[in-house]
Structures are given as structure tokens and as C-alpha cells.
Amino acid sequence: MNRYYAEFGGQFVPETGISALKELEKAFLKIAFQKDFKSELKSLLKDYVGRKTPLYYAKNLSKHYGHDIYLKREDLNHTGAHKINNAIAQALLAKKMGKKKIIAETGAGQHGLATATAAALLGLECEIFMGETDVKRQELNVQKIRLLGAKVNLINTGLKTLKEATTAAIQSWINEIETCFYVIGSAVGPYPYPQIVTHFQSIIGKETKKQLKKIGKKADYIIACVGGGSNAIGMFYEFLNDKTVGLIGVEAAGLGIDTPYHAATLTKGRVGIIHGMKTIVLQDDYGNILPVHSISAGLDYPGVGPIHAYLHKVKRVKYYAINDDECINALKLLCKLEGIIPAIESSHALAYLEKLCPTLKEKSVIVVNLSGRGDKDMHSVLSYKKGEIYG
């Protein structure tokens with residue numbers, strides 16, 4: 001099935017890849033919904049990853065903005081982000097399929113770290129593809145990945161970031177398609193990957209909904225950052241049918257959406273094809289993929305998951321862009337008010353509170369998906385504006 005979400009999605013890969021995608025879809029539908037698989041995954045997520053993650057009432061941030069702000073603490077997962085939810089599930093699926101090796105692309109390093117972690121746990125060979133630019137700004141995660149026994153392949157073509165790493169990972173997968181399983185880290189790529197990632201990340205929204213009910217609250221707005229879009233769709237999916245909840249995705253505006261230096265795909269992009277999917281893409285008049293920029297390695301991507309492209313088209317989710325300055329200011333604010341150091345990616349979502357809250361006439365309940373912690377970003381934060389992080 002070449003699954004589309006309206007006009008978005010599909011399978012735009014070489015013919016050799018189609019059989020592997022069919023094998024993956026068949027295995028996913030057969031294995032992932034079996035009682036024993038679900039039980040084993042649930043146990044791993046609880047006892048190894050540390051789920052469920054808290055829904056934390058940010059008292060000081062709430063006082064600052066005049067609204068009830070809750071943070072879904074995906075930063076407290078083992079490895080420090082939401083990425084482990086999907087990586088450990090796909091790795092387990094790969095093992096059940098009899099695969100001996102898994103590969104993955106990574107930008108911020110969190111998906112690479114999560115995949116290397118899952119491979120070590122489950123006894124699988126692992127290779128991670130990462131752009132040379134990202135390797136330099138995410139050195140801590142690179143060292144962790146290597147320590148876990150995975151091989152890191154440095155990609156030095158193009159801008160040497162996530163787009164190039166993804167391209168290289170796809171090429172490697174095609175070359176070893178019989179024995180290799182590609183663990184895609186976001187809700188991107190050819191079908192069935194967007195659906196698989198959405199399924200495994202939907203635990204974020206499911207937990208959030210139960211946690212809100214338990215404390216007698218109902219979300220008025222839910223905010224999440226969007227690069228490829230896995231943490232966002234994981235949070236949004238459970239709430240899509242509840243039209244009383246405003247869903248907000250936040251992209252990276254980089255130096256500004258009116259400059260060439262941004263990664264605001266849904267804000268400035270057009271329909272195109274990238275990495276095996278039809279979606280919204282940042283491209284020139286000839287269809288060439290444009291270079292992108294963001295202080296965030298995890299949002300530094302010129303495409304977006306096809307499910308997000310669809311939700312943007314039907315206006316179920318509203319997408320906005322936050323620039324580097326706004327992001328860093330939000331990061332510093334959470335540090336100072338709540339004693340939490342968020343990932344730069346997550347700080348884009350936090351920054352939108354500054355724009356949303358002043359427009360609300362009544363006190364609202366707002367949930368922000370804190371998709372990761374900021375350990376990996378200290379070099380980027382400290383070097384931003386010549387290290388004047390408390391200026």
C-alpha cells in the first residue's frame with residue numbers, strides 16, 4: 001500500500017527499496033500488534049526507558065505568563081529525549097524480523113544515541129550516519145554513540161547536516177537491504193515509516209491525556225517543536241479528534257524567515273519530494289532542495305513529515321516559526337525559573353509561549369512537549385552571541 005495522507009506521503013524510492021518497504025509494512029502489522037511484542041515493549045519502556053514521564057506543572061513559568069503551563073517531561077527519558085520511544089521499538093521489531101544490523105541518521109545526535117543504545121541492549125550491530133557539521137556541534141552525543149559500540153559515519157557533502165546524513169543512510173540501507181534495518185528517527189520517509197514512527201511515539205500524547213484527566217484538567221493548547229515532526233505528532237495524535245484543543249507546531253526560523261537562513265518548511269516551503277516522500281519542502285524554482293539553517297541540529301531539515309504537511313493543509317494544526325534569538329531566550333528563561341535545562345529543539349516550543357500567552361483573554365491550560373534535555377547543546381548555547389548567555 002503506497003499510503004498517502006491526502007496528497008502527501010507515498011513511496012518514492014528505487015525499485016529495490018519497494019520490496020523492503022512491503023516486508024516492513026507486513027512485519028509491522030503482524031508483529032507490532034501482537035500481545036507478546038506489546039508486553040515486551042511496555043516492559044522496556046517502563047523499566048529501561050523510565051516511562052511514564054511526568055506531566056509537570058511549571059509553577060514559576062505559569063506565574064510569569066499568567067496561564068497554567070504544564071511540561072511533558074520527555075527530557076527525563078533514558079538517553080535524554082523522546083527519540084528512545086521509537087528507536088527501541090523499531091530495534092525490537094528489527095530483531096523479531098531476524099535482522100542483524102540496524103542503521104540510523106541523526107542530526108542533534110539524540111536519535112543516533114537512542115538507536116545505539118537500543119542496539120547495545122538487544123545485541124544488534126549498529127551504524128549511525130551524521131553530518132560533519134553536526135558531529136562538531138554535538139560532540140558529546142557522538143562520543144556516547146561510539147562508547148555504546150556503534151560506528152559513526154561522518155558525512156561531509158553539502159551542508160554536512162541532517163539532510164545529507166539521511167540521504168547517506170538511505171543509500172546504505174538500499175545496499176544492504178536483505179540484512180539491514182533502517183531505523184528512521186522522525187515521522188518522515190516513504191510509507192510505512194511515518195505511520196510506524198507515529199504509532200510508537202503516540203505514547204507521549206496517550207500518557208498526557210490520562211495525566212490531564214487524573215488532575216482534572218483539560219488542555220486548551222498543546223505546543224511542540226517540529227523538524228521532521230516525531231515528537232510533535234507523538235503528542236498531537238491522541239488529540240486530533242478533539243477540536244477544542246488548539247495544536248501548535250513550532251519550526252525553526254533560524255536568522256529569520258525573510259532571510260535564506262532558516263528551516264521553516266511549512267511556513268515557506270512548497271510541495272515536493274525528499275527522502276522517499278511527497279511533502280512540503282524548502283526548494284528553489286527548479287525543485288532543488290535549499291540549504292537550511294538553525295541553531296538547532298535537530299530542526300535543521302528542509303522537509304517535514306507528510307502527516308504534518310496534511311495537518312497543515314487541513315488547518316488542524318497551526319504552524320509557526322521561532323528564530324534563534326527567541327529560542328535561546330526561552331531556554332534561559334526555563335533555566336532561571338524552573339531549574340530545567342531544555343534542548344534547543346524544545347526551546348522553540350517554549351518560545352512560542354511568549355507569542356501565544358499575551359493573546360489569550362482567559363486563563364488557559366497550555367501543555368508544552370519538552371522533547372529533550374539540553375546537555376548535548378551546551379557548546380552551542382555557550383558559543384551563541386560569543387558566550388553571553390546571561391547577558
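Some ground rules come before the tour. Residues are numbered from 1 along each chain as its sequence is written, and side-chain values use heavy atoms, with hydrogens and water left out. Since the model is predicted, local features need pLDDT of at least 70 and side-chain atom pairs count only at pLDDT 80 or more, while totals for chains, interfaces and linings use all residues.

**Spaces inside and outside**

How many cavities of 30 Å³ or more does a search of the whole structure find? There are 4. A cavity here is a set of points, on a 1 Å grid over the protein atoms alone, where a 1.4 Å probe fits but cannot get out; a pocket is an open set with protein on both sides within 12 Å along at least five of seven lines; and lining residues have an atom within 4 Å of a point. Grid points are joined across faces, edges and corners, and a volume is the space filled by probe spheres set on the points. For the lining classes, Ala, Val, Leu, Ile, Met, Phe, Trp, Tyr, Cys and Pro count as nonpolar, Asp, Glu, Lys and Arg as charged, and the others, Gly among them, as polar.

| Space | Volume | Lining by class |
|---|---|---|
| Largest cavity | about 370 Å³ | 11 nonpolar, 17 polar, 4 charged residues |
| Second largest cavity | about 60 Å³ | 9 nonpolar, no polar, 2 charged residues |
| Largest pocket | about 700 Å³ | 8 nonpolar, 3 polar, 9 charged residues |

The largest cavity holds about 370 Å³ of space. Of its 32 lining residues, His-82, Lys-83, Leu-162, Ser-186 and Gly-298 sit closest to the centre. Strand S5 (101-106) and helices H5 (110-122), H8 (162-175) and H11 (230-236) are the elements giving two or more residues to that lining. Helices (H or I, at least four residues) and strands (E, at least two) are DSSP runs, numbered from the N terminus.

For the second largest cavity, the lining includes Ala-20, Trp-173, Phe-181 and Tyr-193. Helix H1 (15-31) and strand S8 (180-182) are the elements that supply two or more residues there.

Over at the largest pocket, 20 residues make up the lining, with Lys-42, Leu-45, Ile-203, Lys-206 and Glu-207 nearest its centre. Helix H2 (35-49), H9 and helix H10 (203-214) each give two or more residues to the pocket lining. Lys-42 itself is in helix H2 and counts as exposed, at 62% relative accessibility. On this scale, buried means under 20% relative accessible area, exposed over 50%, and partly exposed in between (1.4 Å probe, protein chains only).

**Helices**

Two packed helices are described by the angle between their axes and the distance between the axes. Helix H4 (residues 83-96) and helix H9 (residues 193-201) have axes that come within 8 Å and cross at roughly 115°. Axes are lines fitted to C-alpha atoms, for helices over the stretch in contact, and angles run from 0 to 180 degrees between N-to-C directions. From H4, the contact (heavy atoms within 4.5 Å) uses Lys-83, Asn-85, Asn-86, Ala-89 and Gln-90, and from H9 it uses Tyr-193, Ile-196, Val-197, Phe-200 and Gln-201. By class, the residues of this contact are 5 nonpolar, 4 polar and 1 charged.

Why is helix H15 (residues 344-351) largely enclosed by the rest of the structure? Because 8 of its 8 residues are buried, including Glu-345 and His-348.

**Buried loop residues**

Gln-138 is in the loop between helix H6 (132-137) and helix H7 (139-147), and is buried at a relative accessible area of 1%. Leaving aside residues up to four places away in sequence, Gln-138 touches Gly-107, Ala-108, Met-130, Ala-297, Lys-376 and Asp-377. His-262, in the loop between strand S10 (246-254) and helix H12 (265-268), is buried too, at 7% relative accessibility.

Most residues other than glycine have a negative phi, and most peptide bonds are trans. The bond from Arg-51 to Lys-52 is cis, with omega near 10°. Another cis bond joins Tyr-191 and Pro-192, with omega about 15°, and Pro-192 is in the loop between S8 and H9. Ala-6 has a positive phi of about 60°. His-275 has a positive phi near 50° and is buried at 12% relative accessible area.
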